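The sequence and the model are shown first, and the description follows.

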Amino acid sequence: MIGVLNLANAVFRASLISSSRNISTYIHPLYFRATEVLLGEPLKKKKRLDPAIVRAREERKRKKLQKRIRQLEKHANHMKPIFEIDTLPELLQNEKRTCHLSVPLSEKEIERRKSLEKEWCKYKHSQWTKDLHVIKSIIKSQEIALKELKAVSKQLYKKAVEFDDLYMPYSVTGPVYTPSIKNYDSPDGEYIETTVKYIGE
Amino acid sequence: MMFKRILTLRTPNSLSFLTTSISSTSKVISRTLSEQIKQDIDIDIEKWDLLSAVCLERHPVITKSMPDIETRFHNMLQQMEFENSTISDFEMQKQNNKNRKTIQDFEDSWKEEFTNFKFAERISENEEDNAVMSLRRKLDKNLVLLVEQKIGDSNFWIPPQSIRKHRETMIQTAHRTVQELCGNNIKVKFYGNAPIGFYQYKYPKNLQERGQNGAKIFYFLAKYVSGDISPDIKHCWLDREELKKNLHPDLHKSLVKFLLPD
């Protein structure tokens, strides 16, 4: 039966690739042929467990869970304290804490600060107008570049303005006050673990 | 050709919806083909060389020194913040005379630790660092990379540029430019696929007669991330003022349009 099927298969294939260079020995049932590779392995015999042991195991699991539930229920009414809130009334009571400024500022000092603030406003405003000019000039420059590119070739233009999510998550680490020290191995800081573990956590 | 043959084979015995879909696909194919032809014609008529150039910037590593007004305002803000803040627990402990001495000791030891720590210099005194080729020069300024390239018969100091090859987009040319002119050791990040600046110039008459009118250069902005340029490439990192001195004035004018001033 299988031989006949193979033959049918072979004939079918031969008709498909009549003019190909493949040489097939699958044409006649009496020709030699390779058996298919067996990649299986004999099934393992299942170990049979004693039903009593299984029952004992389940019982132990259940008891463990029940114990944990009982433990949690015992502390159900205990809320986890929030330290920030605890200290607040204490702080409110302690109103005697003073500011660093003990004596009120002199008239002269107040005047100085006011004038400095005005000066600062002017400085910032001029900075802002300068920034605006720069931004405008950059945008203009890019517009001109894109216009020129469009005039040269529509396809290149399309490629240039296509959305590319390669650029999107953008991160930068800004300038710092002093440059990094070469080959500096920063030491691990020392710390004392003070986190409290509460029951049921 | 192959696709067309399949189409002709399939159409006679297929249903109506198949034929419509096929006709639409063939339309799409013909459209893209015509576009490609048009693009090639565009460039041929113009007779301009297309170039991509990369303005590679090293952004400041350290902050700029504050101008006078900024320092004064900064001091005032700090003073105000200190005045308005309440006394901390530590300061209260210090005010209680009980263990004043130990607290003073603590403070002294912290101060000593701080003064003993040696920060890196803001301005390097090392001559090697201050050379034009070094990336560690002028840490508080934006630096632009210039390389020496041959244009026509003479050499110029310009941002790295190269001619677009067939089938390349402008940004691909820019990426290739960085690789070819700066080596593989350097890592850069581009700021977008769209060119940010443009500059064009005409070739001298004798070259124009040979076919090309001139060059259109599209500038892309990129930032230096890490790595180094191989030292055998003639290059320099210049800040804005030095850029003005070293570039051709026309080119400098078009670059300044999109470079952030100091």
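Which residue in strand 8 of chain B does B:Val147 stand opposite? B:Val147 stands opposite B:His235.

## Basis of the description

This is a predicted model, in which local features need pLDDT of at least 70 and side-chain atom pairs count only at pLDDT 80 or more, while totals for chains, interfaces and linings use all residues. Residues are numbered from 1 along each chain as its sequence is written, chains are lettered from A and ligands numbered from 1 in the order in which they are written, and side-chain values use heavy atoms, with hydrogens and water left out.

## Strands of chain B

Helices (H or I, at least four residues) and strands (E, at least two) are DSSP runs, numbered from the N terminus, and two strands pair if DSSP finds at least two bridges between them. Strand 2 (residues 143-151) of chain B runs antiparallel to strand 8 (residues 235-238) of chain B, and four bridges join them. Strand 1 (residues 48-58) of chain B also pairs with strand 2 of chain B in the antiparallel sense, over two bridges; here B:Glu57 stands opposite B:Val144.

With strand 3 (residues 154-158) of chain B, strand 2 of chain B forms an antiparallel pairing over five bridges. B:Gln149 has B:Phe156 as its bridge partner in strand 3 of chain B. These two strands form a hairpin with two residues between them, and B:Gly152 in the turn has a positive phi of about 65°.

## The interface of chains A and B

Contact (heavy atoms within 4.5 Å) involves 46 residues of chain A and 58 residues of chain B. The buried area, that is, the accessible area (1.4 Å probe) that two parts lose on being put together, summed over both, is about 4,800 Å² between the chains, with carbon and sulfur atoms giving 62%. A:Arg97, A:His100 and A:Tyr167 supply 15% of the area that chain A buries against chain B, more than any other three residues.

Across this interface, 20 residue pairs are in polar contact, both residues being at pLDDT 80 or more. A polar contact is a pair of N or O atoms within 3.5 Å; within protein, one must be able to donate a hydrogen and the other to accept it, and residues adjacent in sequence count only if both atoms are side-chain atoms. Helix 4 of chain A gives the largest share of the side of chain A that touches chain B, 19 residues.

## Salt bridges between the chains

A salt bridge is a side-chain nitrogen of Lys or Arg within 4 Å of a carboxyl oxygen of Asp or Glu; there are three between chain A and chain B. In one of them, the side chains of B:Glu83 and A:Arg113 meet at 3.1 Å, N to O. B:Glu83 lies in helix 3 (residues 68-84) of chain B and A:Arg113 in helix 4 of chain A, so the pair joins two chains. Buried means under 20% relative accessible area, exposed over 50%, and partly exposed in between (1.4 Å probe, protein chains only). B:Glu83 is buried at 7%, and A:Arg113 is buried at 8%.

B:Lys216 and A:Glu148 also meet in a salt bridge, at 3.3 Å, N to O. This pair crosses from strand 7 (residues 214-226) of chain B to helix 4 of chain A. B:Lys216 is buried at 7%, whereas A:Glu148 is partly exposed at 22%.
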